[in-house]
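Please find my notes on this entry below. They are set out as numbered points, to be read beside the coordinates.

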Number of protein chains: 2
Amino acid sequence: MSANSRLTIAAHTLTWIGLYQRRGHEVATSEQIATSVNTNPVVIRRLLGELRKAGLVDSRRGAGAGWMLSRDLASITLLDVYQAIESGPVFALHRAAPDPGCVVGHGIGPVMTAVYDDVEAALRGELAKTTLEDVLRDVLKVA
Amino acid sequence: MSANSRLTIAAHTLTWIGLYQRRGHEVATSEQIATSVNTNPVVIRRLLGELRKAGLVDSRRGAGAGWMLSRDLASITLLDVYQAIESGPVFALHRAAPDPGCVVGHGIGPVMTAVYDDVEAALRGELAKTTLEDVLRDVLKVA
DNA sequence: TCTAGTCGTAACCATATTTGTTACAACACT
DNA sequence: AGTGTTGTAACAAATATGGTTACGACTAGA
């Protein structure tokens with residue numbers, strides 16, 4: 001499967017901003033975050049742009065610019081983050097429609113869709129269990 | 001996310017073979033299956049090769065060759081199929097290791113790993129609930 | 001033994017997604 | 001006015017999936 005690190009990077013980014021703000025700073029720059037994540041600042045800015053659309057962060061431009069959380073870490077679950085950045089489903093149906101003249105080809109679509117709906121619901125339910133506050137607490141525990 | 005139709009195609013393929021055998025045929029060819037799935041026979045053969053490694057199907061070569069189920073539809077869950085064909089995890093950690101000198105960069109890995117383990121367990125648990133016998137029954141219901 | 005049909009697999013291409021990178025205009029604080 | 005950062009476009013690299021052609025390996029049956 002196309003291993004996808006977007007959720008990891010997003011959680012890292014938000015947790016970093018949260019900790020940075022908790023230490024008294026107003027805004028965090030994409031440059032600072034990129035250093036911790038070990039990637040390019042543009043990657044962080046792109047991701048933060050999506051998180052802003054979802055209302056999780058806000059940004060300030062000009063000199064002394066940067067990013068800040070819109071909501072408290074405790075009120076943001078990994079499901080919120082996931083929904084902000086993941087577009088498509090985990091599993092897809094056929095790329096090209098199967099033979100409608102075949103019993104299986106005709107009926108398999110709705111059946112698999114029902115299964116995938118349940119799977120995604122389970123996945124979302126699991127992600128909803130963890131808040132970024134939980135993540136930060138456990139991160140500090142590791143260190 | 002890179003929408004992945006492999007599980008759909010695999011379930012379609014196995015269900016097709018199961019129904020075909022139930023109608024009195026001994027083996028199914030990749031050509032027949034590919035017609036129902038609407039793809040190239042090589043794609044089916046590649047997938048069936050992985051399913052054979054997992055012990056779900058077997059093949060016969062030479063004239064009158066083809067594929068047959070190794071186990072009954074009722075004894076194969078979608079989790080069995082998933083594990084036979086999916087290699088990597090749904091979510092990945094950082095591509096490049098984050099800054100170990102940063103508290104978040106240092107601790108985020110283990111924390112997200114724990115979350116992802118729970119998510120995958122939930123996903124697998126959901127897939128384990130459905131057997132290919134269930135799939136075939138529902139497919140016939142749709143038609 | 002020959003023939004025909006199918007598997008098994010390699011090789012290659014097309015497409016899509018993610019990630020990394022450079023570049024630069026827009027913006028706002030000092 | 002100068003400076004630092006966002007916002008965004010453009011492009012390249014890497015990876016995964018899916019489709020296609022090609023061909024040797026194999027075996028049932030003529």
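1. Conventions. This is a predicted model, in which local features need pLDDT of at least 70, side-chain atom pairs count only at pLDDT 80 or more, and totals for chains, interfaces and linings use all residues. Residues are numbered from 1 along each chain as its sequence is written, chains are lettered from A and ligands numbered from 1 in the order in which they are written, and side-chain values use heavy atoms, with hydrogens and water left out.

2. The side chain of Arg46(A) places an N or O atom 3.4 Å from a base nitrogen, and that of Arg95(A) has one 3.5 Å from a sugar or linking oxygen.

3. Make-up of the surface near DNA strand D. At least two residues each come from helix H3 (41-53), strand S1 (57-60) and strand S2 (66-69) of chain A, and from helix H3 (41-53) of chain B. Helices (H or I, at least four residues) and strands (E, at least two) are DSSP runs, numbered from the N terminus. By class, the surface has eight nonpolar, 10 polar and 10 charged residues; Ala, Val, Leu, Ile, Met, Phe, Trp, Tyr, Cys and Pro count as nonpolar, Asp, Glu, Lys and Arg as charged, and the others, Gly among them, as polar.

4. Asn38(A) is in the loop between H2 and H3 of chain A and has a positive phi of about 70° although it is not a glycine. Its relative accessibility of 39% makes Asn38(A) partly exposed (buried is under 20% relative accessible area, exposed over 50%, partly exposed in between, with a 1.4 Å probe and protein chains only). Asn38(B), in the loop between helix H2 (30-37) and H3 of chain B, also has a positive phi, near 70°, and is partly exposed at 41%.

5. His12(A). This residue is in helix H1 (residues 6-22) of chain A and is buried, with a relative accessible area of 0%.

Methods. A polar contact is a pair of N or O atoms within 3.5 Å; within protein, one must be able to donate a hydrogen and the other to accept it, and residues adjacent in sequence count only if both atoms are side-chain atoms.
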